[in-house]
Amino acid sequence: MELHGVKAVFFDLDNTLIDTAAAGRRAIEEVLLFPDAPPRPLQVISALQSKHHYGEGEARAVCDKVQAKLLKECHDPAKMCITDLRISHWEEAIQETIGGEANRDLAAECYYLWKTTRLQHLTLAEDTRAMLTELRKGLRLLLLTNGDRQTQREKIEACACQPYFDAIVVGGEQKEEKPAPSIFHYCCDLLGVQPAECVMVGDSLDTDIQGGLNAGLKATVWLNKAMTAPVDTSPVPHYIISSILDLPAVLQKMEHNVNAKLETDHMASSNE
């Protein structure tokens, strides 16, 4: 796809190109052996059932607590590495459910199996790969993701998305993350483009959309899978899509608007 008004598109990773939330939920279910989950992490199953005599209800309670902690997670890499923080999630969830002394070893075992299982579920869908391949024929593409360096690089490696991008920028490797304008301008410099020539696509109003607006990008595209209405105080994206596969149509619409404006300007100039 070749466009005149847009030269580059920046993509968020988590829950935009890959369904990180679903992968995390599936990993937790498999680690804790829910009835409808494939019994792969045998070590944790053995630890929870044989060594510690966990019942299904207790396993579900631990699962719910870990999921809640992940959703509320606030990570400061200057204070604690992401691995220690997430082992602590498991440790706290187990202790809150079962009581007694903290079991760091069991928590670490659960965490590493959860992490491995989640990475196995992180995939870049074939139709998304095809879309990126087509877009890249006429545009420069960049992956821009917030988060801990090690965690995000592991996700990128797991879903094998590197070949589809001209550059990959991880917020945890920079001085500032989205929505700071600096990281967007750094991305522009990497690609040799101006902010007014770039589009940001992501699922977060607070980081992706607000960041694109802060940086003065040409347009922001909010991926709103549930198509829920944003609150009045939210940043207002230029475009809203319910599927990442709707992006090419939005870019074509932007191109049409640019061409229409050029034609109008030309006619006005001729009339003068």
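Reply: The largest pocket here has a volume of about 1,000 Å³. The model is predicted, so local features need pLDDT of at least 70 and side-chain atom pairs 80 or more, while totals for chains, interfaces and linings use all residues. Numbering starts from 1 along each chain as its sequence is written, and side-chain values use heavy atoms, without hydrogens and water.

Me: What counts as a pocket?
Reply: Rolling a probe the size of a water molecule over the atoms shows where empty space is left. On a 1 Å grid over the protein atoms alone, with a 1.4 Å probe, a pocket is an open set of points with protein on both sides within 12 Å along at least five of seven lines; lining residues have an atom within 4 Å of a point. Points join across faces, edges and corners, and the volume is the space filled by probe spheres set on them.

Me: Which residues lie nearest the centre of the largest pocket?
Reply: Asp14, Leu70, Glu73, Arg86 and Lys155, out of 33 lining residues.

Me: Why does the pocket lie between domain 1 and domain 2?
Reply: Because domain 1 (8-18 + 123-270) and domain 2 (20-121) both give residues to its lining; the bounds come from an automatic or database domain assignment.

Me: And what does Phe165 touch?
Reply: Contact means heavy atoms within 4.5 Å. Leaving out residues up to four places away in sequence, Phe165 touches Phe11, Leu17, Leu132, Arg136, Leu141, Leu142 and Leu143.
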